[in-house]
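This report describes one protein model, going from a single side chain to the overall fold. Please keep the sequence and the structure in view while reading.

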Amino acid sequence: MKSQRPVRNATRHESDRGLDFDILPTLVGYHLRQAQISVFNDFVRSMNKEQISPGQFGVLTLIGSNPGLSQSALARAVGIERSTMVAVIDALEVRGLVERQPSPVDRRSYALILSGKGEKLLQTLRPLVLGHDGRMTENLTAQERDALIHLLSKLKTSSG
């Protein structure tokens with residue numbers, strides 16, 4: 001598996017030199033991207049030993065909570081192309097975390113389940129992810145955190 005490297009947050013370093021950001025600070029997308037970089041970097045540091053990306057954690061969580069889920073349904077839930085999902089599942093299967101079984105309802109597809117190793121890893125990951133999430137939101141009150149999640153979910157649904 002390819003090593004994950006945190007993305008460099010160039011803005012922080014360049015802003016120290018008086019860089020003019022023009023309209024960027026007024027754009028929601030700019031702030032979302034800056035926040036995403038911070039969240040991604042902390043996630044990578046938190047999961048360094050386990051070598052799990054945020055996307056892989058999401059996939060493992062969905063499979064663990066929905067045993068027998070098809071790759072197509074999983075791809076739709078995560079919002080990626082089916083062909084990309086095949087590669088994600090291939091990588092998790094090679095690591096012995098996910099198993100493909102013949103679907104009981106559609107002979108053309110597979111039902112996905114976590115292996116014993118995958119279930120154990122997910123149990124290890126959950127508290128690490130919760131710790132990561134706590135670090136990312138430690139400057140927010142509980143109400144602000146809930147409001148942020150609510151507002152972000154509104155953005156997600158408005159992109160139709």
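Leaving aside neighbours within four places in sequence, which residues is Leu 62 in contact with? They are Leu 69, Leu 74, Ala 77 and Val 78. The model is a predicted one, and the contacts given here are computed from it.

Leu 62 lies in helix H3. Its relative accessible area is 28%, which falls between the cut-offs of 20% and 50%, so Leu 62 is partly exposed. Ile 113 is 51 residues away from Leu 62 in sequence, yet the C-alpha to C-alpha distance between Leu 62 and Ile 113 is 9.7 Å.

**Overall fold**

The protein contains seven helices and three strands. Their order along the sequence is α-α-α-β-α-α-β-β-α-α. Of the 160 residues, 28% are buried. The accessible surface is about 10800 Å², and carbon and sulfur atoms account for 55% of that surface. Where contacts join residues at least 6 apart in sequence, 53% of them link residues at least 24 apart.

**The nonpolar core**

In soluble globular proteins, nonpolar side chains tend to be buried together. The largest nonpolar core in this model has 21 residues. Leu 60, Ile 63, Leu 74, Ile 89 and Val 98 have the most contacts inside this core. At least two core residues come from each of helix H3 (54-65), helix H4 (71-78), helix H5 (82-94), strand S3 (110-114) and helix H6 (116-136).

Not counting residues up to four places away in sequence, Leu 60 touches Ile 52, Leu 92, Leu 97, Val 98, Leu 114, Leu 121, Leu 122 and Leu 125.

**Packing of H4 against H5**

How many Å apart are the axes of H4 and H5, and at what angle do these helices pack? The axes are 9 Å apart and the angle is about 105°. This angle lies in the range from 65 to 115 degrees, and H4 and H5 are therefore roughly perpendicular to each other. From H4, the residues in the contact are Gln 71, Ser 72, Leu 74, Ala 75 and Val 78, and they meet Arg 82, Met 85, Val 86 and Ile 89 of H5. Sorted by class, the contact has six nonpolar, two polar and one charged residues.

**Residues in loops**

| Residue | Relative accessible area | Class |
|---|---|---|
| Asp 22 | 64% | exposed |
| Gln 51 | 24% | partly exposed |
| Ser 109 | 17% | buried |

Asp 22 sits in the loop between helix H1 (10-15) and helix H2 (28-46). Its phi is near 50°, a positive value in a residue other than glycine. Gln 51 belongs to the loop between H2 and H3. Phi of Gln 51 is also positive, near 55°, and Gln 51 is likewise a residue other than glycine.

Ser 109 is part of the loop that runs between strand S2 (98-102) and S3. Is Ser 109 buried or exposed? With a relative accessible area of 17%, which is under the 20% cut-off, Ser 109 counts as buried. Apart from neighbours within four places in sequence, Ser 109 is in contact with Gln 101, Pro 102 and Ser 103.

Methods. Residues are numbered from 1 along each chain as its sequence is written. This is a predicted model: local features need pLDDT of at least 70, side-chain atom pairs count only at pLDDT 80 or more; totals for chains, interfaces and linings use all residues. Side-chain values use heavy atoms; hydrogens and water are left out. Helices (H or I, at least four residues) and strands (E, at least two) are DSSP runs, numbered from the N terminus. Buried means under 20% relative accessible area, exposed over 50%, partly exposed in between (1.4 Å probe, protein chains only). Contact means heavy atoms within 4.5 Å. Accessible areas come from the Shrake-Rupley method with a 1.4 Å probe; for residues, only the protein chains shown count as cover. A nonpolar core is a set of buried Ala, Val, Leu, Ile, Met, Phe, Trp, Tyr and Cys residues joined through side-chain atoms within 4.5 Å. Axes are lines fitted to C-alpha atoms, for helices over the stretch in contact, and angles run from 0 to 180 degrees between N-to-C directions. Angles under 35 degrees count as roughly parallel, over 145 as roughly antiparallel, 65 to 115 as roughly perpendicular and the rest as oblique. Ala, Val, Leu, Ile, Met, Phe, Trp, Tyr, Cys and Pro count as nonpolar, Asp, Glu, Lys and Arg as charged, and the others, Gly among them, as polar.
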